Amino acid sequence: MLSGFLFSWWLCFSPYTTQAPAPEKPVNIVLIIGDGMGLAQIALAEYLYKPPSPLAQMEVIGLQKTHSATHLETDSGAAGTALSCGVKTFNAAIGVDADSTAVKSILEMARDRGMKTGLVVTSSIVHATPAAFYAHVTSRGSYEEIAAQLVATGVDVFVGGGEKYFADRYSDGFDLVESLKKKQYQVLHLDDPRGRANLESIRKEHKIACFTALEDPIRASMGRTYLPWMAVEAMDALEKRADKGYFLMIEASQVDWASHANDQEWLALEMQDAFAMMKGVLAKVREDENTLLIITADHECSYMSLKGKRSPRVEFSTKVHSSQMVPVFADGPGAEEFLGIYENTEIFKKMKDLLGL
Ligand code: MG
Ligand code: ZN
């Protein structure tokens, strides 16, 4: 009796029982952004494609408010900057706050801490969403300046279009592809069959610049296929190089463009491509317990809704962005931080806190 009492007393005060388990922290973060991917765009994919949906397998769901400092209807520059830098700014801004002051991004913070960094997109690599993670300019259209800033940032692996802003520059005539090579980048072209080579075969000291088009990559509906497999290749390449973890942003860029164009067929194929990418990334994330996966959008586009009886028919209400909240899905260590309703800037803060940056 007494020993039972003593034992329960010991249990109450022993360090093994009074200490709450330390919150799980990720070593790596993969952030997937579907540009313009609101609930109706997601619902279209959920209705069209065979289960299991990758999003239905995510542990945690939250909602984010996407407004910018100046508009309820944000653009991708301000929304990208909110996600990457944690500040509300004016539409068209990239990596600067509402006073046009440069703000360090989560990618730059991760790099400064010795983590590896990557970007994989289906737009040009200098387009607003990826640019928000490494560039600091007041106008998203300054593509040649943004390209120069990408070279300076030293992102370890990047995949996307826009090679002409590096190779064929009006503003200064510099050859930034040569600059990349001088900085130990292996420059690949995805239209080149050798571009399909497994990234594992690339020597470890090389960074990877993989150009998928001179300007914007083609649509999924015209045969673009690289996003699902390059996303996983990039994770693999970063994982092999990283001894202090990595930060990777993957963007399904053209969900937005198909919504702007009010083109159901294009949108359906971009969402299918995005789902295929998410499936591969989620499977890879679940191979270990070190990686936090976050899937969200920067904003909704076209105030879209679904009509019809058996097969969904898309109704687009506008050709511009909306102010609707967009979902946030999270899986892996720290995922529970993403429950609830919050501003888009909170996503930056949560990622920063979880990585201890
Ligand atoms: Mg974008
Ligand atoms: Zn847009």
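Modeller: We begin with accessibility: a residue is called buried under 20% relative accessible area, exposed over 50%, and partly exposed in between. Please keep in mind that this is a predicted model.

Biologist: Is Gln184 then to be read as buried, partly exposed or exposed?

Modeller: Gln184 has a relative accessibility of 42%, so it counts as partly exposed. Its place is the loop between α9 (176–182) and β5 (185–189).

Biologist: What is the value of phi at Gln184?

Modeller: The general idea is that most residues other than glycine have a negative phi, and most peptide bonds are trans. In Gln184, phi is positive, near 70°, and the residue is not glycine. Asn262 is a further non-glycine case, with a positive phi of about 55°. Asn262 belongs to the loop between α11 and α12, and its relative accessibility of 26% means that it counts as partly exposed.

Biologist: Which peptide bond is cis?

Modeller: The bond from Pro51 to Pro52 is cis, and its omega is near 5°. Pro52 sits in the loop between α3 and β2 (60–65).

Biologist: Let us turn to helix packing. At what angle do α3 and α12 pack?

Modeller: Angles of 65 to 115 degrees count as roughly perpendicular. Helix α3 (residues 39–48) meets helix α12 (residues 264–285) at about 80°, and their axes are 9 Å apart. The two helices, α3 and α12, are therefore roughly perpendicular to each other. On the α3 side, the contact is formed by Gln41, Ile42, Leu44, Ala45, Glu46 and Leu48, and on the α12 side by Leu267, Ala268, Met271 and Phe275. Sorted by class, this contact of α3 with α12 comprises 8 nonpolar, 1 polar and 1 charged residues.

Biologist: Which residues of α3 are buried, and what covers them?

Modeller: The buried residues of α3 are Ala40, Gln41, Ile42, Leu44 and Ala45. Their cover includes α11, α12, β9 (305–307), β10 and β11.

Biologist: Are Asp256 and His321 buried or exposed?

Modeller: Asp256, at 4% relative accessibility, counts as buried. His321, at 11%, also counts as buried.

Biologist: What are the protein donors of the magnesium ion (ligand 1)?

Modeller: They are Asp35 (OD), Thr129 (OG1) and Glu251 (OE), which lie 2.0 to 2.2 Å from the magnesium ion (ligand 1). The spacing of these donors along the chain is D-x93-T-x121-E. Asp35, in the loop between β1 (28–34) and α3, and Thr129, in helix α6 (residues 128–131), are 94 residues apart and link distant parts of the chain. Both Asp35 and Thr129 are buried.

Definitions and conventions: Residues are numbered from 1 along each chain as its sequence is written. Chains are lettered from A and ligands numbered from 1 in the order in which they are written. This is a predicted model: local features need pLDDT of at least 70, side-chain atom pairs count only at pLDDT 80 or more; totals for chains, interfaces and linings use all residues. Side-chain values use heavy atoms; hydrogens and water are left out. Axes are lines fitted to C-alpha atoms, for helices over the stretch in contact, and angles run from 0 to 180 degrees between N-to-C directions. Helices (H or I, at least four residues) and strands (E, at least two) are DSSP runs, numbered from the N terminus. Angles under 35 degrees count as roughly parallel, over 145 as roughly antiparallel, 65 to 115 as roughly perpendicular and the rest as oblique. Contact means heavy atoms within 4.5 Å. Ala, Val, Leu, Ile, Met, Phe, Trp, Tyr, Cys and Pro count as nonpolar, Asp, Glu, Lys and Arg as charged, and the others, Gly among them, as polar. Buried means under 20% relative accessible area, exposed over 50%, partly exposed in between (1.4 Å probe, protein chains only). Donors are N, O and S atoms within 2.8 Å of the metal (3.2 Å for Na, K and Ca); water is not among the atoms, so sites may look incomplete.
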